[in-house]
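Please read the following explanation slowly, with the structure open beside you, and look up each residue as it is named.

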Amino acid sequence: MRFVLYMAARELRASWRRLLVFFVCIAVGVGAIVAIRSVIQSVRHTFAGEARTLISADAIISSTRPIGEKLAATIDDRLKTAGAESIRSVELATMARAADKPGGRARMVELRAVEDGFPYYGVMKLANGVRYEHGLLRGFGVLVRPELLAQLAVAVGDALTIGSQRFTIRGVIESEPGRRLGAFSIGPRVFVDLADLPKTGLTGFGSRAMTQRLLRVPDAALDGLIVQLRKDFANEFARVRSYQATEDDIGEDFARAEDYLSLVGLVIVILGGIGVSSVTRVFVQQKMKSIAVLKCVGARSSQLLAVYVAQVAMLGLAGSLLGIGLARLAMRAIPSVLAGTTPGVDITYALTAPAVTQGLGIGLLVSLLFSLVPLLEVRHVKPSLLLRDEARSRKPDLTQVLVTLFVVAGLVALTVWQAGSLRVGLIVAAGFAGTALVLHVAGSLLIRAVVPLARSKSFAMRHAVLHLSRPGSQMRIVLLAVGLGSFFIIGVRSLQQNLIAEFRVNVTPDSPDMFLLDIQSDQVEGVRSVLARYQAAGAAPARLLPVLRARVVGVEGRELQLENFEDVRGRGSLAREYTVTYRPALEPNEKIVAGALWDATPSEAGEVSIEQGLSERFRIGVGDTIRFDVLGRTFAAKVTSVRFVEWADSRAGGFMFVFRPGLLEKAPHGLIGFLRGPADGDARARMQTELVAVAPNLSVIDGREILNAIKSVVDNVTLAVTVVGTLVLFSGLLILIGAVAMTKFRRVYEAAIFKTLGATRQLIATVLFLEYGLLGLLAGTIGAGGAIALTWGISRYALEIPFHPLVRLSAVGVAITSALVAVIGVLSSWEVLQHKPLATLRAE
Amino acid sequence: MIELRGVSKTVSSGGQPLTILHPLDLHVPNGQCLAIIGPSGSGKSTLLGLIAGLDSPSTGQITIAGHDITALGEDALAQLRGEKVGFVFQFFHLVPSLTALENIQVPMEIAGRRDAKLRAQALLDEVGLHDRGHHYPAQLSGGEQQRIAIARALANDPPLILADEPTGNLDSSNGRHILELLLQVKRARGVTLVMVTHDPSVAAIADAQLVLRDGRPVAAETTATGSRPA
């Protein structure tokens, strides 16, 4: 044992420089895993610990409809029994504009009206050290986010018009509790006093306000109260949720995100492992004589195997520690990168113990698993090698086969562990094996394709190709790693461009790019007259569609029988509130697939046409009867047709339920509008201001801003995946450097012979440049080919958008990969060019 | 000390069997110095490798210090080499990643000796290189490397030293010094010494000579007890 440890330490001392690439390979992957897991665990820890702050209460009751008196009385009764207290809050999206700037811009905002006592948990932080108190809101005061000040060119002390009411800006919100992380925001937050809300006219009929009751409940009574309220709400459109449920949800979401993202880190570690494997293979080849000497002086194969396994373990440990160091550095940079993405919550980003332990474990395991098979060669080194060189070609023995199977099983287990799911782990492992196989086959085919170049008249080209295709060349491994990296980067870039191209196509010159919500019936004329003034010549007039909000409260069908809303709730999304319309005919993006659409004559007998996906998902078909609740009134409608809706072309609105005219006209309802807004930005802003002036409760969604928002989301995702791709490519290049370093001894010898025979350094450099350039070209081709296949598959099947092969992007990707590999290949072979031939030949 | 009966070695060359050592009997008594001489390709090194258990014979039986080494497995052979045999090569074959002192320590560490470092230093003194222990092989001259190799061969006090052209890669002055060192060791420790050489002056100082040509002993020139089996 002493011998094994001594020898491992001595060997490491002598060869750590040559094995530098080994542990950098491990370090990059371990660093990625530790950083990803630590960041997510830090965020998760903070959020799970602050779940109360997130909903700013112990529990929250919410409803999209005003809570009726009877229900309110029940709630009050329950709260009293449980010893709980509550405050009311309302959230809604609306428009805000500067009150004293005629013609100024109007902006969509997310308004929250609260009572005194808000928030129960967490702190509302205001700018300039102003302390939050409800008095700031009382008497038509408003607190706003700083971005709204900039957008509307107003300051603290100025007035804002919200709905039909004037408010004074009394403070700027830095952060607020209860703001959901990652929730899609359609505008900056503003806070007003709940008591002032009715004056705005925004909570009247058709309002999309979300009414809330924030509860503070003694711990012991919380569970019982939640259970009781859930029973009370069985047939009501209200729901209750405790902070614990939020905590559980957050926990699950983060656990899933952590496991999936860590798989990316695992891919990088496994690439590192491939590097480790090739480095070890060449290392053992170079150590043959030393191994023979040690056997000659009495060392057993098992002892020597233990020496090298211990050495690999030490390197793996060192690489993992370096990776943890890298992760630590990355963590320092994170607060500034992620600043502002989690307002209201201070997250301390630090390495977490579980992440560090996992990183160390994976680094060690991957190092050992990938080096075990090449290290088995140690057993076959014969001490007689010292007396004469022997040909060493053997078929793998039983031990080697068994160890290989063990290694494969180990890697699959590792993937399953990292994925946190047997199914996902197996899929990823199979995917990785499949990708490796495809890349290997593609690499072999491409090598065959370039072999004819070995007959080239150019000496440099001939030898470049010979180097690539000779036995023992590291090119397949380099192709795999570099090809995978360029595949990630080119694939993501082309997917991004396809996506953005698709959005641009969707916004054709005559398609609507502005959407109006919540137009009241009595505001239609005013809205139409504003729109007419801004209508571009030749553009289609704005379309205003009647809409109502309805819930399904029962189904009497052949296959589905739902008695009441509680039954409907058991069917998941069928219980959500749907926006419905009525009209006499189909839209261009619709087609009847079952039954028949009504004729144009209105009828009071309820008839409804349902969307195909919904029909299939919930097994509701033609002839079934659905009961709906619209604003508290229940009525039944018979399904007379099933429609296919082309959602990708739903610019004129896509509806799950369309009713026959005649039944709903009498129910109070609002309208929504689709129009092509003016091209000029100022005219767009003026039009929005004028619209809000005639219809204060109206909301305008500007398609251009949404498009920009989507574009920025796509850009962020692209950035994230590109960072991953770059790490993969970096690992690939490390493997390349390792491969070059490991075959250097042979290269130096060959170069010495060439130099003796008259080759200049320039000629040798040209051979190297062509060899690595060709290798990069092949890797880039594999990456670009894979990227095109990936983009095609995702465009065609996942996103269902047209596919455009991006030839220029692919060509640039291939060229950059080729140049990068050529430059790195030549630079890492610098020693080959510098060695003096005589010294080299003497040493041999 | 060494007993060979009908030992031969046949290898495969280009798919054809090639006998590089024809069946041979040999007896080397304790404390004797035997020189194996012959031209290149005569089978000298092969014979030495077989005696050291570095390779296994195609036929015959080899007994070293009473142990039939042809019946031993790889690990048992390695153990026997560690205890009973010291080997000196033409090309020194020191482990390049270890210092001179560590190279000498290795066989003792393998054998599990606790005093490896102390004894290695003593051996370093014995071969006249007491101040070169921290140098790596690449920092030593050929003569110095061979001295280290001899010290390593003596590490576990083996009764048998095998030397394959120990002076073949050295200039004449260094070669002479190495030879003197080997003889001194033999006298002082009473070990059996088997040397392969093609230098007649080296062979001349041996107690007995075994001459090989084309894998066969040449009887007329052989003074040792080596012979073709009847």
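The side chain of A:Ser89 makes a polar contact with the side chain of A:Arg112 at 3.0 Å, where a polar contact is a pair of N or O atoms within 3.5 Å, of which, within protein, one must be able to donate a hydrogen and the other to accept it, and residues adjacent in sequence count only if both atoms are side-chain atoms. This is a predicted model, in which local features need pLDDT of at least 70 and side-chain atom pairs count only at pLDDT 80 or more, while totals for chains, interfaces and linings use all residues. Residues are numbered from 1 along each chain as its sequence is written, chains are lettered from A and ligands numbered from 1 in the order in which they are written, and side-chain values use heavy atoms, with hydrogens and water left out.

A polar atom of the side chain of A:Ser89 also lies 3.4 Å from the backbone oxygen of A:Ala113. The residue A:Ser89 belongs to strand E2 (residues 85-98) of chain A; helices (H or I, at least four residues) and strands (E, at least two) are DSSP runs, numbered from the N terminus. Is A:Ser89 buried or exposed? A:Ser89 counts as buried because its relative accessibility is 1%, and buried means under 20% relative accessible area, exposed over 50%, and partly exposed in between, with a 1.4 Å probe and protein chains only. If its neighbours within four places in sequence are left aside, A:Ser89 is in contact with residues including A:Val114, A:Leu194, A:Met210, A:Thr211 and A:Gln212, contact meaning heavy atoms within 4.5 Å.

Another strand of chain A is E12, residues 543-556, which is largely enclosed by the rest of the structure because 11 of its 14 residues are buried. Two strands pair if DSSP finds at least two bridges between them, and E12(A) pairs in the antiparallel sense with strand E20 (residues 670-675) of chain A over 5 bridges, A:Leu544 having A:Gly673 in E20(A) as its bridge partner. Strand E14 (residues 578-582) of chain A is antiparallel to E12(A) as well, over 3 bridges, and here A:Arg549 stands opposite A:Thr579. Finally, E12(A) is joined to E13(A) by a hairpin through 4 residues, and A:Glu556 stands opposite A:Gln561 in E13(A).

We can now turn to the place where two chains meet. In chain A, 27 residues are in contact with 33 residues of chain B, and the two chains bury about 2600 Å² between them, 58% of it on carbon and sulfur atoms; buried area is the accessible area (1.4 Å probe) that two parts lose on being put together, summed over both. Of the area that chain A buries against chain B, 23% is supplied by A:Arg10, A:Val297 and A:Leu387, more than by any other three residues.

How many salt bridges does the rule find across the interface of chain A and chain B? There are 3, a salt bridge being a side-chain nitrogen of Lys or Arg within 4 Å of a carboxyl oxygen of Asp or Glu. A:Arg13 forms a salt bridge with B:Glu102, their closest N and O atoms being 2.6 Å apart.
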